[in-house]
Amino acid sequence: MLQSKKRWISMFLVLVLCISMLAGCGKGGTGNGGKKNDSVQTGQDGGNSTEPVEISMFVPSRLPEALMNENTLTFKTLAERLNLKLNIESVVHSESKEKFSVIISGGKYPDVMSGSVRDINTFGMSGAFIPLNDLIEEHAPNLKKYLLDNKEAMAQVAASDGKIYVIPMLSAVRTAMGYNIRQDWLDDLGLEAPVTIDDWYNVLKAFKTNDLNGNGAGDVTPLILDRAWENYYMSFADAWGIELNPNNDYWMAKDGEVVFAPILPETKEYLATMTKWYQEGLIDNEFITREDTNNYHILNNKAGATCYWTGYVAAQNYNNEVLANDSDTNWQVIQPPVLTAGQEPRTFSQQAVTVNYGWGISSSAKNVVDIIKMFDYVYSEEGSLLFNFGIEGESYEMVDGEPKYMESILNSEGGTILYSRLNGLQAIIGMRQMPEYEAASCINDDVRKQLFDYVENDYFYPFNPGLTLTEAEEEIYSVKMSAINTYVEEELIKFFIGTRPIDEFDSFVQRVKELGIDEMTTLKNQAYERYQSIAQ
């Protein structure tokens with residue numbers, strides 16, 4: 001039990017280093033030297049009312065034991081600063097989509113609802129949420145600056161009718177997962193960090209056949225590929241220039257159009273390579289069923305390389321549980337793999353400008369001007385400090401003009417991530433994640449350097465956007481695509497581990513076509529044309 005608790009705390013302490021989905025001001029005052037934020041007026045009559053404006057809202061929580069309410073630090077402070085009375089309904093995030101649907105189906109909406117960009121857009125076009133474009137233009141200079149005037153953000157968040165129904169969370173940095181390796185083991189073997197896929201194969205074979213952890217040759221699992229959150233076991237497809245993550249229904253932009261990646265010839269080549277690695281024992285042979293395979297291997301000194309949240313893995317170099325097994329542990333991020341030497345290393349694993357969460361104003365809301373001003377405040381510098389760092393003097397302090405978490409927070413049980421989730425920082429709302437938040441959460445310069453390595457080197461393919469369909473398109477797409485995705489994900493795993501021969505790939509492609517992928521491709525390309533018309 002104690003060991004389990006230690007591992008969970010270890011995850012909390014370092015996971016904040018890289019989660020960017022998933023954070024201000026003078027103590028008891030503001031974050032601008034005590035001056036009132038002039039862009040925010042409270043009260044129904046533009047700031048002259050002394051009665052708080054009442055706003056009801058639905059906001060999910062990241063922790064079941066800390067559901068959002070009017071006493072949650074960030075929302076309590078928000079209400080005090082803007083003269084609001086917030087009535088908050090909350091559920092744990094894992095239950096939020098279902099609860100969102102129940103509220104919408106019931107027809108009795110709170111004034112403000114948090115949810116996915118896709119859901120708010122879909123129900124907005126059906127009348128459950130109001131379009132916000134005009135309200136932003138008239139009352140919300142911060143939203144205009146960071147959303148309306150940002151073509152990429154607008155393209156990612158606008159509904160298919162071109163209107164804005166949701167104020168999204170803006171991500172702090174593009175970095176996400178990276179390729180990480182035990183540099184100390186490379187040094188022990190006199191090997192260079194792998195660059196090409198062939199280099200990777202040779203290094204992984206060396207990790208497999210040498211006694212690197214003192215438990216005998218073969219005890220180390222050379223490559224750990226997790227299934228948590230996203231299908232990280234598909235990450236090495238980067239080398240073939242394809243994205244095989246189901247979060248975007250496997251769609252990707254290629255040569256000016258949207259294509260369905262699983263049926264491309266490159267996917268066949270990629271899967272053939274992974275099957276070889278898997279069957280030779282270079283990949284964890286229980287990754288499909290093993291819970292939290294990364295932590296199992298890293299904490300037990302059994303992992304040689306992984307593709308995972310970069311900052312999280314880097315921080316393991318300072319995890320006492322890891323160092324107790326091997327004090328020389330040295331995880332380092334390296335460039336994404338390429339097929340042949342000289343190619344530019346790139347990855348599809350990256351943050352979008354907008355995170356797929358935000359909040360909208362329901363059609364039953366009365367105080368819409370006050371609400372849009374509240375949204376705007378949260379996007380302001382002062383509001384961003386509040387929802388990223390908390391209260392100046394309590395959770396952070398300004399050092400050389402930069403916000404820094406106080407030692408009491410950094411060294412607390414659970415660290416910044418637990419503090420954030422307990423107090424409503426990085427809430428699942430329309431807010432701006434700050435790069436300073438990511439940097440301040442790193443425990444030292446080494447972790448910080450690794451976390452931002454891909455950003456500094458621009459190791460990214462062009463972003464594959466999520467595309468918004470019209471209501472009519474969505475009705476067709478949701479039915480057929482569900483069947484396609486279920487079939488595709490099941491068969492890709494079979495190809496990966498070799499239970500379905502790669503010789504059957506062509507028949508797999510044919511079956512996907514029979515399920516209607518060509519029609520889905522047409523719908524997605526129509527949506528892509530709409531996206532480009534906004535983004536360009």
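Author: Happy to! In this predicted model, take helix 2 (residues 73-82) and helix 15 (residues 381-389), whose axes come within 9 Å and cross at roughly 155°. Angles over 145 degrees count as roughly antiparallel, and therefore helix 2 and helix 15 are roughly antiparallel to each other. As for handedness, helix 2 passes helix 15 in a right-handed crossing.

Which residues make the meeting? From helix 2 come Thr74, Phe75, Thr77, Leu78 and Arg81, and they meet Glu382, Leu386 and Phe387 of helix 15.

Let us turn from helices to strands. An open sheet is built from 4 strands in the order 6-9-5-10, and its pairing is mixed. At its edges are strand 6 (221-224) and strand 10 (331-334), each of which pairs on one side only. From one strand to the next, the twist averages 25°.

Strand 5 (residues 177-182) pairs with strand 10 in the antiparallel sense, over 4 bridges. As a reminder, strands of a sheet pair through backbone hydrogen bonds, either parallel or antiparallel.

Helix 9 (residues 197-209) lies across strand 5, strand 6, strand 9 (303-309) and strand 10. Relative to strand 6, helix 9 runs at about 135°.

Elsewhere there is a hairpin to enjoy. Strand 7 (residues 251-254) and strand 8 (residues 257-260) pair in the antiparallel sense over 4 bridges, and 2 residues lie between these strands. In the turn, Asp255 has a positive phi of about 55°.

Finally, a word on the cysteines. How many disulfides does the structure hold? The count is 0. Are Cys307 and Cys442 buried or exposed? Buried means under 20% relative accessible area, so Cys307, at 1% relative accessibility, counts as buried. Cys442 is buried as well, with a relative accessible area of 3%.

Key
Residues are numbered from 1 along each chain as its sequence is written. This is a predicted model: local features need pLDDT of at least 70, side-chain atom pairs count only at pLDDT 80 or more; totals for chains, interfaces and linings use all residues. Side-chain values use heavy atoms; hydrogens and water are left out. A disulfide is a pair of cysteine sulfur atoms within 2.5 Å. Buried means under 20% relative accessible area, exposed over 50%, partly exposed in between (1.4 Å probe, protein chains only). Two strands pair if DSSP finds at least two bridges between them. Axes are lines fitted to C-alpha atoms, for helices over the stretch in contact, and angles run from 0 to 180 degrees between N-to-C directions. Contact means heavy atoms within 4.5 Å. Angles under 35 degrees count as roughly parallel, over 145 as roughly antiparallel, 65 to 115 as roughly perpendicular and the rest as oblique. A crossing is left-handed if the near helix is turned anticlockwise from the far one by less than a right angle, and right-handed if clockwise.
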